[in-house]
Amino acid sequence: MIGGAVVEATDVLRSAFGLDASARRFFVRADDARALRYPTALRWLGRLGPLRIGAAVVDGRILACLDAAPSRSIARSNETSVAGLVLYAHERGDSLVLVGANVLQIGVFDHAGEGAVRAFDEVVTVASVTRCFDEIERATFELGRANRAPTSDERRATS
Amino acid sequence: MSAPRTRRRWLELLRRTAGISEPTGAMDDAHLWEARERAAKATQEAEKLGERVVATTARQRTNIEAALERANNVLSRRDALSNRLKHVEDALERLGVVGLNAGLEGARTTEPLGRGLTLVAEEVRGHVSRGSDAAGDLGGHIHELLEVAGDLAQRIERVQRDAQELATDATQLKVCVQASQAGLQDLESRLRKATGLDPETAKYIALVGDHAKGLLGALSALEASGSRQAAVALVPLLAPVMKVLSGIISEEAESGGSGSSA
C-alpha cells in the first residue's frame, strides 16, 4: 500500500515525467507532494518556455514549474494567484510546481508491480520527480542553446 | 336701442336669413359664427389635452429618471459584486488547497486515522468543486444581469432624451393653442364688426332660419297635396307667428322699406 494522489496526465506532464503517450493518469507519492497557492503566479507563468517550464520564487527559493493547465490560467488572466501541487525531489533538495494539475483522487493505493499502483481499475505509473527534473534541465539547456547568441566561429561559418 | 329699431333690425336679419329679399347671406354669417364656435371648442379641447400631455410627460420624466437612477445604481455595484465573487472564488480555492493537503496528509498517515482524514478531505474537495461550479455560474449570471442593466440604462437614457423632446413639443403645443385662442378672439371681434351679430344672436338666427325654411317647405308641400283641411287646422298654431311677423313687417313698412343693415 502506498499513499498519494492520482493526477490527470496532460501532454506537458506526460512529456515532463516521461510517461507513455496513452497514459491518462499518473501517481505522486504523498511524501513527495504538497498543495500550495502561489500569489502572482502568472508572473512566472508568463516566462514559460515551449515545454511550459518556468521558474518560480517561493519563500526565497527558485522552483521549477510546469503548467498543466495553461488554457485555464491564461483564460483567467486577471488572476493574481493560482493553486499548484509542489513535488519534492528529496535526494536533490529541489522542488517542482505543477500549476493547475488536476488531482483526481487522494488516498492509499495498492502496488501494481514496480513503480506503479492500481487506481480506477488501471495500472498507474508512479511519477519520478527526479526523472522530471532531468527532463526540465534538458529542456532548459536546449532552450538556452536556442536562444543564445551565435559564437564567432558560427558567425564566420554562416557568413 | 329702442323697440322699433330693434324690431327693424330683427326683420332685416330675418329677411336676409330666409332669403326673402336680397340673398345677402345672414345665414352665412350665422354659419360663420357657428364655425367659429366649433373652432373655439376644438381649441379649448386641444388646450385641455395639451395640459394633460404636459402633465403626463412630466410624470413620465420623473419615472424615467427614477428608473435610470436604479439602473445606474445596479451598475455602480458592478465592481463590488465582482470583488465579492472574487473573494468567494478565492476562499473556495484556498479551501481546495486545504482539502488537497489534508488528503495528502491522510495518505501519509497510517490507518485508521489517515483513512478518516482522507475521507474528510475528499468530502471537502467535492464541496469545493461544486461550490466553484456554482460560483462560476453565479458569476456568469451576474455578468449577464449587469450587461442587461447596462443595456437597460442605455435604453432608458434614449427614452429620457425622447421624453425631453416630447416635453418640449408639448410646451410648444401649448403655445400654439394659446396663439390659436388669441386668433379666435381676434376673429370674434372682427366677426362682430363685420356681421353686427354676437354669438348668441347668430345662434338664434341660424335656428330661426332653419325652422323658417323647414316651415315654408312643409307648407308648400301641404298645399301641393291639396289637403286644404289640414292646412286650415294649422291656422291656430300659425296665427301667433303671423301676428309677430305682421307686426315686424308693418314696422318695417312704416320705417320706409329696406332698413339699414346692422
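Before the details, some bookkeeping. Residues are numbered from 1 along each chain as its sequence is written, and chains are lettered from A and ligands numbered from 1 in the order in which they are written. Because the model is predicted, local features need pLDDT of at least 70 and side-chain atom pairs count only at pLDDT 80 or more, while totals for chains, interfaces and linings use all residues.

I'll start with chain B. It has seven helices and zero strands; here helices are DSSP runs of H or I with at least four residues, strands are runs of E with at least two, and both are numbered from the N terminus. Read from the N terminus on, the elements of chain B go α-α-α-α-α-α-α. Chain B has 262 residues, and 14% of them count as buried. Buried means that 20 or more other C-beta atoms lie within 10 Å of the residue's own, exposed means 12 or fewer, and partly exposed is in between, with C-beta atoms placed from the backbone. Next, contacts: two residues are in contact if their C-beta atoms, placed from the backbone, lie within 7 Å. Among contacts in chain B between residues at least 6 apart in sequence, 79% join residues at least 24 apart.

Now the helix pairs of chain B. Axes here are lines fitted to C-alpha atoms, for helices over the stretch in contact, and angles run from 0 to 180 degrees between N-to-C directions. Angles under 35 degrees count as roughly parallel, over 145 as roughly antiparallel, 65 to 115 as roughly perpendicular and the rest as oblique.

How do α2(B) and α4(B) pack? The angle is about 160°, with the axes 7 Å apart. That makes α2(B) roughly antiparallel to α4(B). The residues of this contact divide into 28 nonpolar, eleven polar and seven charged. For those classes, Ala, Val, Leu, Ile, Met, Phe, Trp, Tyr, Cys and Pro count as nonpolar, Asp, Glu, Lys and Arg as charged, and the others, Gly among them, as polar.

For α3(B) and α4(B) the angle is about 165° and the axes are 8 Å apart. These two helices, α3(B) and α4(B), are therefore roughly antiparallel to each other. Their contact has 17 nonpolar, nine polar and seven charged residues.

Helix α2, residues 26-76 of chain B, also meets helix α5, residues 199-225 of chain B; their axes come within 9 Å and cross at roughly 125°. That makes α2(B) oblique to α5(B). On the α2(B) side, the residues include Trp33(B) and Glu37(B), and on the α5(B) side they include Pro199(B) and Gly209(B). By class, the contact of α2(B) with α5(B) has eight nonpolar, two polar and three charged residues.

On to chain A. Five of its strands close into a barrel in the order β1-β2-β10-β9-β8, with mixed pairing. The twist from one strand to the next averages 45°. Two strands pair if DSSP finds at least two bridges between them. Strands β8 (residues 103-111) and β9 (residues 116-119) of chain A run antiparallel and are joined by two bridges. Within that part of the chain, His111(A) stands opposite Val117(A) in β9(A).

Some loops of chain A are worth a look. Gly100(A) is in the loop between β7 (94-99) and β8 of chain A. Is Gly100(A) buried or exposed? Gly100(A) is buried, because 20 other C-beta atoms lie within 10 Å. Its C-alpha atom and that of Leu85(A), 15 residues apart along the chain, are separated by 7.7 Å.

The loop between β9 and β10 (122-126) of chain A holds Phe120(A), and Asp121(A) is in the loop between β9 and β10 of chain A as well. Phe120(A) is not a glycine, although its phi is positive at about 55°. Asp121(A), a residue other than glycine, has a positive phi near 60°. Phe120(A) counts as exposed because it has 12 C-beta neighbours inside 10 Å; Asp121(A) is exposed with 5 other C-beta atoms within 10 Å.

Last, where the chains meet. 14 residues of chain B are in contact with 15 residues of chain A. The largest share of the chain B side, ten residues, comes from α3(B). That side divides into five nonpolar, five polar and four charged residues. Helix α3 (residues 78-108) of chain B lies across β1 (2-8) and β8 of chain A, running at about 5° to β8(A).
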